[in-house]
Amino acid sequence: MNPKWVVSTAVSIISLVFGVRVNVFAQLETYNLSGIVLDDSGDFLVGATVVLEETQSIDFTDVDGGFQLKGLTDGMYNLQITHVGYNTVHRSITIAGRDSTIACILTRTTIDLNEVQVVANPFKSGPIGQSMSVETVDRSFLEKNNANTFVNALQKLPGVNAINTGVGIAKPVIRGMSFNRVIVTDHGVKQEGQQWGADHGLEIDQYTPERIEIIKGPTSLLYGSDGLGGVVNVLRPSLPEAETLNGSFLANFKSNNKLVGTSTMLQGNSAGKVFRFRFSTQDFGDYRVPADSFTYNRFLLPIYDQSLKNTAGRERNLNLMTGVAKDWGDATITVSNFHQKAGFFSGALGIPREYQLTRDGDPRNIDIPRQVTNHFKVIVNSNIYYKKNWLEIDLGYQNNYRREESNPHAHGKGPRPEGILALGLRLQTLSTNVRYHHEIHERLHGTYGFQAQYQQNRREGFEFLLSDFTSGSAGAFIYQEYDMNHTMTVNGGLRFDYGLRDIKQYEEPVYADSVTIIGYDARNENIVRRYSNFSGAMGLSFYPNQHFNAKLNLGSSFRMPSAPELSSNGIHHGTFRHELVDSTLTTERGWQLDLNLLYQNQDLHIDFSPFYNYFRQYIYLGPTSQFSSLPEGGQIYRYSQDNAIFTGFESSIVYDGWRDWHVKSAVEYVYNRNLTTGLALPFTPPLSMLGEVEYTLPISKEIFTNVYFNLFIQHFAAQNRVDRNEKTTPGYTLLNFSSGFDFMVGGQMVSVLCSVQNLADIKYLNHLSRYRLVNLPEQGRNINITLKIPVDLKEGE
């Protein structure tokens, strides 16, 4: 597939969409929604945020507590009103042939319940009516908890972890599941970028996400067969307000690897024509660890100056959105490109050689071995409103190209025609998501969806890990919610999926010299597999009063084996292992039960979420007692299938009864068991507990505002429940500190955030990090400073 052709086609489609929709819906009558927001003392509440989920319309209350949302057609809408220090209000609003006026009262609290969602989602009842465990965080949360990636920032949420490979590469883990069991979506389109690899990051600019939604538990019904563990939704940002032009500049510095990052954003809305532009950069040097040696393929090797040679890198990321927002709905096209060039630690790739670890005098040099990743993406998002119904259409094209570069002799090979290209993988993906939201009557809502995806993967280079393949899938579902009596919502749905895996045979050439082929070594055979099955779920949410909410969800889901699980056969350098497959793998089937109990009042928030999952023919990559015959290969890991259970819980307590103080504690635990071996499954996160104390200075109308100090401590227990031939990991405790404030300079607001990660500079091994396999500890103390300057060039009318 040619990227230029795809862009041209997408532009033509959106142009046609704009024209067709304007003609069809130009005659629709539109109305306004006005209102007043009061606090529980009867005073006007200034600065409250008022949002309609379906239209992404947003307004802020004025000095008289008033707001107005314009251009609404007939239909039912979910209204959400939020303000710092007050409970969020959710209201169902019906527009029926005339303007509407409402009044709302917000009650005081100092607890942030993360209930705010300002973009549409398939759960029409709003957060309180959902039967799944859902958490939503915004840009301020990500900036306040700034880490190496936005996935690492999410680890402060109970039940969420990350698989790390060095600095800047991380993948989400939800309740002990990851890789192809956790779906990541960006602007409604599933992110596709060789996510089966632990050393493959998400290829999403960490400065771009404005809001992220984390759904814990089975989501196959709404998102497809890979959603057994959960979903991380990078939500589509709200469109710029009418007749505005604004932006921001962000600068970031991290001390450990001398990272310097910047992100510049500009957005506007003129007469319904919207745009958003963002350009981000990151440049970083070799990172430091509190260690002097490590073990690679049974060799003990030195770490000079506690710095990992050749772990420097750089990123250049571009994102451009344009489109229209009209009375009939909106349509946008987003074009983005993520480019990262990062070195591999010289001492942990290829045949072990001590001389490769000697410092070269330039900590920012990106030498070979290294990887170069480029992810190009085009996404078209459309929302069409008709009376009380709503149609979503998301189209996507992705081109992910990954190059791993190394000298052939470092892998025991002679000169090759491919030069230094060890492994190249180009994955192209076309995606379609269509959802129709239908109000059957006031209490019953239905969502009908169709999703399809086509993939093509091509390999190159002198090493073999994964063959060429094509993959396709399609699924359709129906999902309905019923509000029984305004204290209970029940839901249920059914889905059918079909998938194809067509993997090409690969025979690796054997060279007598750099050009002469003397034979071939068969690495994998032709494999064609077809899969189909049903998924289903049902649930309820019970909310008898404003203090208590109970959610229960029961689901049955299945997952098709991925092409890498059926065909990979080679050394995976970023994970220090030789991976072998079983081409006879069948589909997984899971039965999953989730419960969420919530109690809250003005000062206290208690949450308890146990879960239980049973899987038949669970696919996993496990360590064996064998080692590769190749001089660089390391331990052999093999894909297998067994019946298994996953169970555990998350629980948190938040107390804000003391003025200006915020106290939080949480615990999470995952227990799994391979029912064939009786052992744990590999790469299971350990028990962890966290505590957080934050103090906000009671300053207002001064030069400095929003001043806070935060102390965060997290303990990870030792992980001794491991699979056969898997290493245990000792426990450890991390201490982090952060602070921030806003101040005015010449009438311009400036925000400053400062944090210190691993404050005590302790040496520890993360059980989910691939570097623990070579006894490499995680990053040492890291001081992080962020400066953000918002700029308003034109205020809205």
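**Burial.** I looked up burial in this predicted model and found that 59% of the 797 residues of the protein count as buried.

**Contacts and secondary structure.** I took the contacts between residues at least 6 apart in sequence and noted that 68% of them join residues at least 24 apart. I then listed the secondary structure, which comes to 5 helices and 42 strands.

**An open sheet.** I traced a sheet of 5 strands, open, with mixed pairing and the order β8-β13-β14-β11-β12. At its edges I found β8 (133-138) and β12 (189-190); each has a single partner strand, so one side of each is left without a neighbour in the sheet. I followed β12 to its partner β11 (residues 182-186), to which 2 bridges join it in the antiparallel sense. Within this pair I noted K190 of β12 as the bridge partner of T185.

I next examined β22 (residues 370-386) and counted 17 bridges to β23, with the two strands running antiparallel. One pairing I recorded is that of N374 with Y401 in β23. The two strands form a hairpin with 2 residues between them, and I read a positive phi of about 55° for K387 in the turn.

I checked how far β23 (residues 389-405) is covered and found 13 of its 17 residues buried. I also looked up the pairing of β23 with β24 (residues 421-441), which is antiparallel over 16 bridges. Here I noted that W390 stands opposite H437 in β24.

Note on methods. Residues numbered from 1 in each chain as written. Predicted model: local features only at pLDDT ≥ 70, side-chain atom pairs only at ≥ 80, totals over all residues. Heavy atoms only, no water. Helix = DSSP H or I, 4+ residues; strand = E, 2+ residues; numbered from the N terminus. Buried < 20%, exposed > 50% of the residue type's maximum accessible area, 1.4 Å probe, protein only. Contact = heavy atoms within 4.5 Å. Pairing = 2+ DSSP bridges.
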